[in-house]
Amino acid sequence: MGTHKYKYCLCFTRKFHLKEAEPPSDVRALFEEYAQGGSHMTAEQFRKFLAAPYASGDPDQADRIVERIRHQKGPIALLSRPGLTLEDFHHFLFSPELNPPLKSEVHHDMSAPLSHYFIYTGHNSYLTGNQLSSDCSDAPIIKALQRGVRVIELDIWPNSTKDDIEILHGRTLTSPVSLLRCLKSIKEYAFVASPYPVIITLEDHLTPDLQAKVAKMVTEVLGNTLYYPDTEQLKEFPSPEFLKNRIILSTKPPKEYLQAKTFKERDVEHSDLKKKNEEAAWGREVPDLQAEIESAAAKDDDDDDDSDQKRDDDDDDLKMQQPQSLEYKHLITIKAGKPKGSTKEALKVDPDKVRRLSLSEQELAKAAVSHSAELIRFTQKNMLRIYPKGVRINSSNYNPFIGWIHGAQMVAFNMQGYGRSLWLMHGFYRANGGCGYVKKPDFLMKTGPNNEVFDPKAELPVKTKLKVKVYMGDGWHLDFKQTHFDQYSPPDFYTRVGIAGVPADSVMKKTKAIEDNWAPCWNEEFEFPLTVPEIALLRVEVHEYDMSEKDDFGGQTVLPISELRPGIRAVPLFDYKGNKFKSVKLLMRFEFV
């Protein structure tokens with residue numbers, strides 16, 4: 001593989017040879033089993049391996065894969081004995097392209113109503129950075145759609161002359177972008193990553209005449225891709241399959257820009273912005289779900305970050321006194337009901353119509369304490385959108401499981417708020433072929449004979465155990481400079497592996513650190529008991545151990561456990577922003593017992 005030289009103490013140079021790691025003993029054993037002791041595995045033997053339950057490959061692809069691997073080795077290999085050597089077999093297993101950890105196709109039933117799915121949802125999709133002073137642009141909208149995000153949020157406001165529409169985060173210093181530009185970009189990029197519907201949630205601060213202008217603009221720009229119902233009230237939402245390659249609108253949620261905050265409080269938070277952005281390479285750990293719920297429950301009602309609801313309601317009362325744009329209202333597929341009164345009242349299910357309700361993460365945490373059953377019953381038919389609390393001005397995110405375990409379809413995230421919470425969101429929506437819609441598990445949709453539903457607080461039995469073996473890693477020497485991790489020697493990598501899910505399942509473990517090695521071999525196995533495997537995620541992080549400073553970032557990924565392909569797999573790693581490295585990967589084994 002080559003040699004890396006490191007200057008040491010400015011006096012002499014240490015040489016470290018890069019040599020390819022040997023195939024692990026488990027790989028050797030598999031090769032010997034299927035090659036029947038021979039030096040080569042024939043295409044027929046390889047076909048039998050692919051047909052085995054722990055390989056879960058396509059036997060019909062055996063000849064193509066063998067030829068592809070042999071071609072990659074060059075013309076000399078084509079003259080040698082046909083079949084795969086041990087090194088070839090190891091190359092296949094360690095190829096994320098040929099042997100990925102997840103299924104790549106859409107395989108969930110897509111014909112159920114929209115309320116039966118978790119939907120990949122963005123928050124303030126037009127912001128390039130923080131919530132107070134960053135630029136508004138269509139660039140983050142395009143980026144989100146390219147990643148597979150299906151719900152795009154736009155805050156629409158009158159411009160300074162009150163004759164056109166701008167998109168910006170109201171009552172802040174964010175610079176605006178035009179609605180027309182954003183609509184054109186949405187139409188162009190809506191279906192590059194997924195054919196399933198894009199939902200535009202409009203947070204509407206417009207006068208009726210400007211609403212009419214929005215209606216005209218939306219119909220002209222989106223054309224036939226825009227879907228809207230022919231009835232005023234829907235008894236059931238249409239399905240993702242029915243809405244394929246269509247864009248739909250949802251009415252304005254509660255005005256998240258109106259928080260019960262003084263300017264003094266905002267100023268303090270803004271001064272903290274720089275400090276928060278200068279956290280360690282790894283950022284903060286995912287907030288503890290149980291702690292967040294207990295913290296919200298302990299707060300007085302008056303301390304809620306959404307206690308400015310009354311001003312919202314007054315604003316709506318004023319708007320209702322003005323004549324509404326009928327065409328604008330007609331274009332809305334998902335209407336956002338905003339009943340006054342208690343959360344319990346807001347969660348009442350109407351048998352004759354469906355709607356969407358928006359709650360802040362803190363409102364949801366409070367509701368989870370005393371109204372968890374009502375939340376789940378509501379989300380079986382209606383839409384629930386969760387959005388970040390107002391103090392997250394640096395565009396950070398929360399623990400998404402607080403929404404998912406209560407059936408919330410739209411757990412809205414700041415897609416520019418990089419870090420561990422966002423990695424969970426990226427990983428969750430790698431499920432179902434990455435199409436942006438994940439069918440909710442049956443336990444969230446079932447109602448018992450006495451109207452009972454799933455209880456997130458109940459102690460549940462272990463359903464299955466996941467065994468994870470971390471064999472080895474490679475590719476850092478190709479994607480990083482030789483002195484990136486250490487000025488004087490190769491890196492000392494270790495892997496953290498664990499579960500994100502309900503509190504009972506959530507845990508992190510780690511391997512030992514392998515010193516001075518660009519291609520570390522750990523060969524360590526971990527076992528994770530799972531009570532709710534249906535929505536659990538496997539977290540993987542590679543750290544570079546640093547004795548004197550904080551650990552360096554070596555890569556991360558999050559994988560939906562329900563979609564893992566059992567057996568030995570090549571697991572590609574991603575950078576801090578969630579972009580896949582060209583070469584960095586791990587060899588791992590997954591087994592359910």
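Residues are classed here as nonpolar (Ala, Val, Leu, Ile, Met, Phe, Trp, Tyr, Cys and Pro), charged (Asp, Glu, Lys and Arg) or polar, the last class taking in the others, Gly among them. The structure described is a predicted model.

Three cavities of 30 Å³ or more were counted. The second largest cavity has a volume of about 50 Å³. Its lining is formed by Pro 229, Thr 231, Glu 232, Gln 233, Leu 234, Phe 237, Thr 333, Lys 335 and Val 354. Four of the residues lining the second largest cavity are nonpolar, three are polar and two are charged.

The largest pocket holds about 1,100 Å³ of space. A total of 44 residues line this pocket, and those nearest its centre are Pro 96, Glu 97, Val 571, Pro 572 and Lys 580. By class, the lining of the largest pocket comprises 20 nonpolar, twelve polar and twelve charged residues. Several helices and strands each supply at least two residues of this lining, namely H5, helix H6 (139-147), strand E14 (464-474), helix H19 (476-479), strand E19 (552-560), strand E20 (567-574) and strand E21 (580-592). The most is given by E21, which contributes six residues to the lining of the largest pocket.

An open sheet is formed by three strands in the order E10-E11-E12, with parallel pairing. Between E10 and strand E11 (residues 383-387), the parallel pairing extends over five bridges. Within this pair, Leu 357 stands opposite Leu 384 in E11. Helix H14 (residues 361-370) packs on the sheet, where it touches E10 and E11, and the direction of H14 makes about 95° with that of E10. Helix H15 (residues 372-381) also packs on the sheet and touches E10 and E11; the direction of H15 makes about 120° with that of E11.

A further site examined was Thr 85, which is placed in the loop between helix H4 (75-79) and helix H5 (86-93). Is Thr 85 buried or exposed? Because residues under 20% relative accessible area are taken as buried, Thr 85 counts as buried at 15% relative accessibility. When residues up to four places away in sequence are not counted, Thr 85 touches Phe 31, Ser 39, His 40 and Lys 73.

Methods: Residues are numbered from 1 along each chain as its sequence is written. This is a predicted model: local features need pLDDT of at least 70, side-chain atom pairs count only at pLDDT 80 or more; totals for chains, interfaces and linings use all residues. Side-chain values use heavy atoms; hydrogens and water are left out. On a 1 Å grid over the protein atoms alone, a cavity is a set of points where a 1.4 Å probe fits but cannot get out, and a pocket is an open set with protein on both sides within 12 Å along at least five of seven lines; lining residues have an atom within 4 Å of a point. Grid points are joined across faces, edges and corners, and a volume is the space filled by probe spheres set on the points. Helices (H or I, at least four residues) and strands (E, at least two) are DSSP runs, numbered from the N terminus. Buried means under 20% relative accessible area, exposed over 50%, partly exposed in between (1.4 Å probe, protein chains only). Contact means heavy atoms within 4.5 Å. Two strands pair if DSSP finds at least two bridges between them. Axes are lines fitted to C-alpha atoms, for helices over the stretch in contact, and angles run from 0 to 180 degrees between N-to-C directions.
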